[in-house]
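This report describes the fold of one chain and then turns to a single element within it. The sequence and structure are shown below.

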Amino acid sequence: MPEYLVNNQRETEAIATKLAKNLKGGELLALSGNLGAGKTVFVQALAKALGIKENITSPTFVLMKVYDLKKAKINKFVHVDCYRLYRREDLLEIGLEDYLIHDNIIVAIEWADKLRSLPDRAIKINIELLKDNKRKITIN
Amino acid sequence: MKILAIESSCDETAIAILEASGHSLKLQKNLVYSQIDIHKKYGGVVPELAARKHVETIIPLVDNVLGKNKLKNMDYIAVTSGPGLITSLILGMATAKTLAFTNNLPLVAVNHIEGHIYSNWLSNSKLAKNTKKYLPALVLVVSGGHTELVLMKGYGQYKLIGQTLDDAVGEAYDKVAKLLGLGYPGGPIVSRLAEQGDKQAYDFPRPMIDKQNYNFSFSGLKTAVLYTLEKKKNITKQDINDLCASFQNAVIEVLLKKTIKAAREHNVKSIMIAGGVAANTELKKALIKESKKIKLPFFYPDLKYTGDNAAMIATAAYYNIFSKTGDILKGDKVFDLQPRSNWQLSKNKI
């Protein structure tokens, strides 16, 4: 269970970039952490490292945004936000199932702790805000 | 021509009838059923609940609006087909497609944001009467899901010149309200408390204010509010008011500066605001003042048209037809229309 202590946004981005380089496709990333912890920053850096040129804007309002990638192996990045979610069925309603378990798609779910259960294969990323704007990032 | 419009992109079910010809817009009916009380306790819209409520309300609302004349004399059906929640969009669209197909009426697919922009035409008759005089226009689109600067060159001609890189303005208000334990929706609550607060009390960052582009970022501002909160021990009512006022002040300053700068750079003939956050009085006041300084007319929608409604969808449909820039489907082609939950206004239409 790698654990990182980061001092600023740039360091958070570096960890996300490093993680992105190790992704092969088909992964499910489950992010948790309070409002302002830096989940969006993490996902934005990750997406950038995957080669997405578009802005990764918050999917809070529409719950899910799908980005196309030109990489041969990974061709879609799906960004999900459970912040406003009440029932996990809502994710099925918006069609998340279509994107799960495809080895050419990467799915990142913010506020994943709102989902009562996650598949075992999910890579769990927790960002905890510590004193003095430092953060602890745990990946397992 | 007479248009029946249906809007169901989020948590409002809305139906309107517009009678329009030339430069005259006559709104005949405008009904909005808001689900806000249903979603309040969850702190945000629950898509499944929203969809179920749309199912219950949409047909009675259509019935109510049409009355005994039914679709007699109707020329077009218009419907919001994105952006929005897909589960909500499909209900309005299914209703519109069915009505269009069974009554052999053409169906106009309207972009929700374009609808918000046209709420200005509905609210300002001089804009409707003399559109040419006011275009190109710089439009600040601000809502729960959007924060964009759009250059409107002509009917149906939009260029996105800047947008938020993370959270939308309305979303930032909602999240700050949540941090402060104020309830949902955040916009009206935060701006009401801000009236009693000192906007200079906290020096929050003005994200990206000096960047040479027209993009925005509000995620970090929310985090700054969080940091301030964590440092404070006893938080009084006045502290909350001051936090609201200082947060709002930072938001407005960034929106204002970029809007005015973009308006000057693009040599527009007017400035407009559109979307749910167009209800914010302080933001409007600031824009009125600054537009005056650079001698540009500033248009804003009537309060009743700032939230989601079908009157604006009917108006956008009318101008789509009028300027031949819209997506109009006929016969069984109406069933080809699909919801586009992330439909960008400046990208090509369907």
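Predicted model: local features only at pLDDT ≥ 70, side-chain atom pairs only at ≥ 80, totals over all residues.

## Charge

## Overall fold of chain B

Chain B contains 12 helices and 11 strands. Its radius of gyration is 20 Å, close to the 20 Å that the globule rule gives for 350 residues, so chain B is as compact as a globular protein of that length. The C-alpha trace of chain B spans about 65 × 45 × 30 Å along its principal axes.

Of the contacts in chain B with a separation of 6 or more, 73% join residues 24 or more positions apart.

## Burial and surface

Buried residues account for 60% of the 350 residues in chain B. The chain exposes about 14,300 Å², of which carbon and sulfur atoms supply 50%.

## Helix α12

Helix α12 of chain B covers residues 311-322. At 1.5 Å a residue, its 12 residues should span 16 Å, which agrees with the 16 Å between its end C-alpha atoms.

Because 11 of the 12 residues of α12(B) are buried, this helix is largely enclosed by the rest of the structure. Among the buried residues are B:Met312, B:Ile313, B:Tyr318, B:Tyr319, B:Asn320 and B:Ile321. Just after α12(B), B:Lys324 adopts a positive phi of about 55 degrees.

Conventions:
Residues numbered from 1 in each chain as written. Chains lettered and ligands numbered in written order. Heavy atoms only, no water. Helix = DSSP H or I, 4+ residues; strand = E, 2+ residues; numbered from the N terminus. Rg over C-alpha atoms; globule rule 2.2 N^0.38 Å. Buried < 20%, exposed > 50% of the residue type's maximum accessible area, 1.4 Å probe, protein only. Contact = heavy atoms within 4.5 Å. Areas by Shrake-Rupley, 256 points an atom, 1.4 Å probe, with all protein chains shown as cover. Expected span 1.5 Å × (residues − 1).
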